[in-house]
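User: Could you walk me through this one with me? I'd like to talk about helix packing and charged pairs.

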Amino acid sequence: MIQKILLTFLVTAVSLLHSQAQNMKFHTNKVIAHRGAWKAAPHPQNSLASLQQAIDMGCEGSEFDVWMTADGILVANHDADHEGMMIEEATYAELLQKPLPNGEKLPTAEAYIKKGMTQHGTKLIFEIKPSQISKERGQELATKSVELVKKLKAERWIDYITFDYDIGLKVLELDPEANVAYLTGDKTPQELKDDGFFGFDYNIRTVKENPQWIEEAHTLGLTVNAWTVNQEEDMRWLLEKKVDFITTDEPEILFSLIK
């Protein structure tokens with residue numbers, strides 16, 4: 001009798017979790033806040049505050065940059081250094097000696113993802129930064145990134161982007177279902193499709209120089225994003241071309257055009 005009750009409970013719990021996952025409705029407004037929404041507020045870039053601002057605004061995604069410290073901790077920061085300390089050469093404890101301007105400690109990727117997982121509207125655009133030490137270290141970072149996302153069961157929230165093609169391929173090797181977009185701009189849509197990428201995420205100049213790639217990508221079932229788009233003229237052009245996402249430091253301007 002007890003076994004039947006426990007089995008019924010487990011089946012109900014699994015069914016509820018599956019139903020909740022199916023009911024996740026992320027925003028579909030094209031607005032990707034570059035390093036979070038930090039400019040108008042203002043907040044430090046890549047901070048938990050800038051992520052919360054992007055969430056509060058209802059952005060489709062909030063992009064964040066990830067490096068690995070000397071002691072193997074994944075942290076969110078755009079530049080290779082934090083307050084003059086090279087992230088790849090410093091321990092996380094050393095980096096914590098210098099807080100962000102708003103008083104936050106330099107966030108770990110785990111803290112950033114956990115913060116993002118408190119809601120179901122804004123996706124987390126996880127940029128894996130190429131290592132400045134070695135290609136092997138970049139591969140280790142890719143592996144640890146995927147392991148972290150799987151450990152947190154955060155796959156539904158995460159899209160990956162990277163400038164290092166081999167890092168993108170490593171992510172896809174470890175998780176063939178992952179959404180991975182490439183940033184550098186030196187691959188055609190067909191090449192990306194052949195290697196299993198989700199789409200391209202190229203500089204606005206590259207997209208304007210190769211406008212045919214937009215239609216080609218869409219025909220192949222790939223997504224199209226452009227970075228970092230801060231001019232209203234460029235935003236309008238991309239919206240007319242029906243790109244999937246626009247990464248910007250000015251989400252307020254992009255929202256005003258969309259609405």
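Analyst: One definition before the helices: an axis here is a line fitted to C-alpha atoms, taken for helices over the stretch in contact, and an angle runs from 0 to 180 degrees between N-to-C directions. Please keep in mind that this is a predicted model.

User: Okay, at what angle do α10 and α11 pack, and how far apart are their axes?

Analyst: The angle between α10 and α11 is about 45°, and their axes lie 10 Å apart. Angles under 35 degrees count as roughly parallel and 65 to 115 as roughly perpendicular, and α10 and α11 are therefore oblique to each other.

User: Is the crossing of α10 and α11 left-handed or right-handed, and which residues meet there?

Analyst: The crossing in which α10 passes α11 is right-handed. From α10, the residues Glu 232, Met 235, Arg 236 and Leu 239 meet Ile 253, Leu 254, Leu 257 and Ile 258 of α11. By class, that contact divides into six nonpolar, no polar and two charged residues.

User: What do Glu 232 and Arg 236 form?

Analyst: Glu 232 and Arg 236 form a salt bridge, in which the closest N and O atoms are 2.9 Å apart. Both belong to helix α10 (residues 232–240), and being four residues apart there, they are separated by about one helical turn. Glu 232 counts as partly exposed at 37% relative accessibility, and Arg 236 also counts as partly exposed, at 44%.

User: Where do Glu 250 and Lys 39 lie?

Analyst: Glu 250 lies in the loop between β11 (245–248) and α11 (251–258), while Lys 39 lies in the loop between β1 (31–33) and α2, so the pair ties together parts that are 211 residues apart in sequence. With a relative accessible area of 16%, Glu 250 is buried, whereas Lys 39 counts as partly exposed at 42% relative accessibility.

User: And what about Asp 65, which residue does it form a salt bridge with?

Analyst: Asp 65 forms a salt bridge with Lys 129, where the closest N and O atoms are 4.0 Å apart. Asp 65 lies in strand β2 (residues 61–68) and Lys 129 in the loop between β6 (123–128) and α5 (135–151), so this pair ties together parts that are 64 residues apart in sequence.

User: Are Asp 65 and Lys 129 buried or exposed?

Analyst: Asp 65 counts as buried at 1% relative accessibility, and Lys 129 is buried as well, with a relative accessible area of 9%.

User: Which residues are linked in a network of salt bridges?

Analyst: A network of salt bridges links Asp 65, Glu 127 and Lys 129.

Key
Residues numbered from 1 in each chain as written. Predicted model: local features only at pLDDT ≥ 70, side-chain atom pairs only at ≥ 80, totals over all residues. Heavy atoms only, no water. Helix = DSSP H or I, 4+ residues; strand = E, 2+ residues; numbered from the N terminus. Buried < 20%, exposed > 50% of the residue type's maximum accessible area, 1.4 Å probe, protein only. Salt bridge = Lys/Arg side-chain N within 4 Å of Asp/Glu carboxyl O. Parallel < 35°, antiparallel > 145°, perpendicular 65-115°, else oblique. Left-handed = near helix turned anticlockwise from the far one by under 90°. Contact = heavy atoms within 4.5 Å. Nonpolar A, V, L, I, M, F, W, Y, C, P; charged D, E, K, R; others polar.
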